[in-house]
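Have the sequence and the 3D view ready, and we'll take things piece by piece.

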Amino acid sequence: TGGRLGKIPLVLGMPVMITSNFDVEGGIVNGSRGILKHVRYYEDKDGNKHATSCVVEVPDTSGDALPDLKEHEAVAIQDSVDFTLKHPH
């Protein structure tokens, strides 16, 4: 895998971190931490599920929520992700 994991399991209730500034005035910025509340996905012809968006509860937000979302909830959309895992040995 070249040092990268191919898939990350998404589990409701898991902690997440926002890594883009997409609502600076509302407080949803790079480094914001939250809890995964909902995952939206599509299923391909082989029955594999692919995440397209997630609802994340971010307590430190301000401002009005989008329609159909609760206060302090934000939507994270599908994006490419790069990360590095470092083993201590």
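Predicted model: local features only at pLDDT ≥ 70, side-chain atom pairs only at ≥ 80, totals over all residues.

A residue is called buried when its relative accessible area is under 20%, exposed when that area is over 50%, and partly exposed in between, using a 1.4 Å probe and protein chains only.

Residues are numbered from 1 along each chain as its sequence is written, and side-chain values use heavy atoms, leaving out hydrogens and water.

**The sheet**

The chain has 0 helices and 4 strands, so counted because helices (H or I, at least four residues) and strands (E, at least two) are DSSP runs, numbered from the N terminus. Along the sequence that reads β-β-β-β. Of the 89 residues in the chain, 18% are buried.

Two strands count as paired if DSSP finds at least two bridges between them. As background, strands of a sheet pair through backbone hydrogen bonds, either parallel or antiparallel.

Now for the pairs themselves. β1 and β2 are joined in the antiparallel sense over 3 bridges, and Met17 has Arg33 as its bridge partner in β2. Strand β2 (residues 33-43) meets strand β3 (residues 49-57) over 8 bridges, again antiparallel. On β3, Val56 is the bridge partner of Leu36, while His50 is the partner of Tyr42. β2 and β3 make a hairpin with 5 residues between them, and Gly47 in the turn has a positive phi of about 85°.

**The loop between β3 and β4**

Glu71 sits in this loop. Asp68 has a positive phi, near 70°, in a residue other than glycine; His72 is not a glycine either, yet its phi is positive at about 75°.

| Residue | Relative accessibility | Class |
|---|---|---|
| Asp68 | 83% | exposed |
| His72 | 26% | partly exposed |

**A pocket**

The second largest pocket holds about 200 Å³ of space. Its lining has 15 residues, with Asp23, Ile28, Asp64, Ala65 and Glu73 nearest its centre. A pocket is an open set of points on a 1 Å grid over the protein atoms alone, where a 1.4 Å probe fits, with protein on both sides within 12 Å along at least five of seven lines; lining residues have an atom within 4 Å of a point. The lining divides into 6 nonpolar, 5 polar and 4 charged residues.

**What the record says**

UniProt, in an unreviewed entry, lists residues 10-35 as "domain: DNA helicase Pif1-like 2B". Such annotations may be inferred rather than shown by experiment. Over residues 10-35 the chain is 0% helix and 23% strand, with its end C-alpha atoms 11 Å apart.

How values were computed: Points joined across faces, edges and corners; volume = space filled by probe spheres on them. Nonpolar A, V, L, I, M, F, W, Y, C, P; charged D, E, K, R; others polar.
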